[in-house]
Amino acid sequence: MDKYELIEKLKREGYIRSNSVEEALLKVPREEFVPEHLKDYAYCDTPLEIGHGQTISAPHMVALMSELLELKPGMKVLEIGTGSGYHAAVTAELVGKDGLVVSIERIPELAERAEKTLRKLGYDNVIVIVGDGSLGYKPLAPYDRIYCTAAAPSIPKSLISQLKDGGKMVIPVGKYMQKLILLEKRGDKIITKDYGAVAFVPLIGEEGFK
Ligand code: SAM
């Protein structure tokens with residue numbers, strides 16, 4: 001499957017709903033974010049191994065999370081779980097040059113490789129930080145949007161507190177049976193909606209799995 005066939009499939013299946021998400025997925029070269037021996041599979045709609053027991057997310061999941069977040073130019077977004085940096089690059093396309101993506105990864109080697117790839121491709125609106133993303137990243141909070149690419153036992157309180165009023169967060173929650181949750185913060189109110197079963201690697205950290 002090539003990039004164009006993949007995009008058509010994601011549109012047909014309803015994962016891509018907006019022109020902006022379609023354009024972002026078209027622009028980001030996924031082959032640059034996968035190991036050399038997996039480049040032929042870069043446009044298969046599946047997660048791929050990136051080392052250290054971790055994976056690059058499947059394109060349909062990146063599309064779904066991007067659509068749920070309704071990312072707009074100029075937004076400041078926190079990503080937890082940089083992995084390969086691919087999802088961060090898609091988000092960077094959606095928030096544009098006036099926006100910012102702050103991405104946290106707990107495995108230093110992955111963070112370093114992702115940062116190199118992002119710099120090489122010119123994504124200057126992404127900052128990669130090594131740390132425990134279950135605690136968010138306070139120095140640059142609050143965020144318009146937060147998303148987590150690893151599954152948490154419950155929604156970390158730190159992440160809710162670092163979300164702007166009116167902000168949205170997408171996070172997989174659960175141990176064996178995980179659900180994709182969209183959370184909206186409206187004043188004192190937290191509204192959540194369940195978007196069904198998903199399979200992510202665990203979020204390991206103070207407000208994640210120990
Ligand atoms: N978004 C990534 C991409 O496009 O390649 C995929 C990320 S992978 C599914 C999940 C990542 O979350 C892994 O790289 C893992 O090391 C990271 N992770 C797990 N717990 C974390 C934590 N507490 N803080 C930061 N990163 C964490």
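Guide: Helices (H or I, at least four residues) and strands (E, at least two) are DSSP runs, numbered from the N terminus. Residues are numbered from 1 along each chain as its sequence is written. This is a predicted model, in which local features need pLDDT of at least 70 and side-chain atom pairs count only at pLDDT 80 or more, while totals for chains, interfaces and linings use all residues.

Visitor: What pLDDT does the protein average?

Guide: The pLDDT is the predictor's confidence in each residue, from 0 to 100. The protein averages 97, and 100% of the residues score at least 70. The model scores are ipTM 0.99 and pTM 0.98.

Visitor: In what order do the strands of the open sheet stand?

Guide: Strands of a sheet pair through backbone hydrogen bonds, either parallel or antiparallel. Two strands count as paired if DSSP finds at least two bridges between them. Here seven strands form an open sheet in the order 5-4-3-6-7-8-9, with mixed pairing. Strand 5 (126-130) and strand 9 (189-198) are at the edges; each has a single partner strand, so one side of each lacks a neighbour in the sheet. Within the sheet, strand 3 (residues 76-80) pairs with strand 4 (residues 100-105) in the parallel sense over five bridges. Val77 has Val101 in strand 4 as its bridge partner.

Visitor: Which strands does helix 5 lie across?

Guide: Axes are lines fitted to C-alpha atoms, for helices over the stretch in contact, and angles run from 0 to 180 degrees between N-to-C directions. Contact between two residues requires C-beta atoms, placed from the backbone, within 7 Å. Helix 5 (residues 108-120) lies across strand 4 and strand 5, at about 165° to strand 5.

Visitor: Which residues have the most contacts inside the largest nonpolar core?

Guide: In soluble globular proteins, nonpolar side chains tend to be buried together. A nonpolar core is a set of buried Ala, Val, Leu, Ile, Met, Phe, Trp, Tyr and Cys residues joined through C-beta atoms within 7 Å. A residue is buried if 20 or more other C-beta atoms lie within 10 Å of its own, exposed if 12 or fewer, and partly exposed in between. The largest core has 59 residues, and those with the most contacts inside it include Ala63 and Val101. Helix 4 (residues 86-95) gives the most to this core, with seven residues.

Visitor: Is Ser57 buried or exposed?

Guide: Ser57 is buried, with 23 other C-beta atoms within 10 Å. Ser57 lies in the loop between strand 2 (54-56) and helix 3 (59-69).
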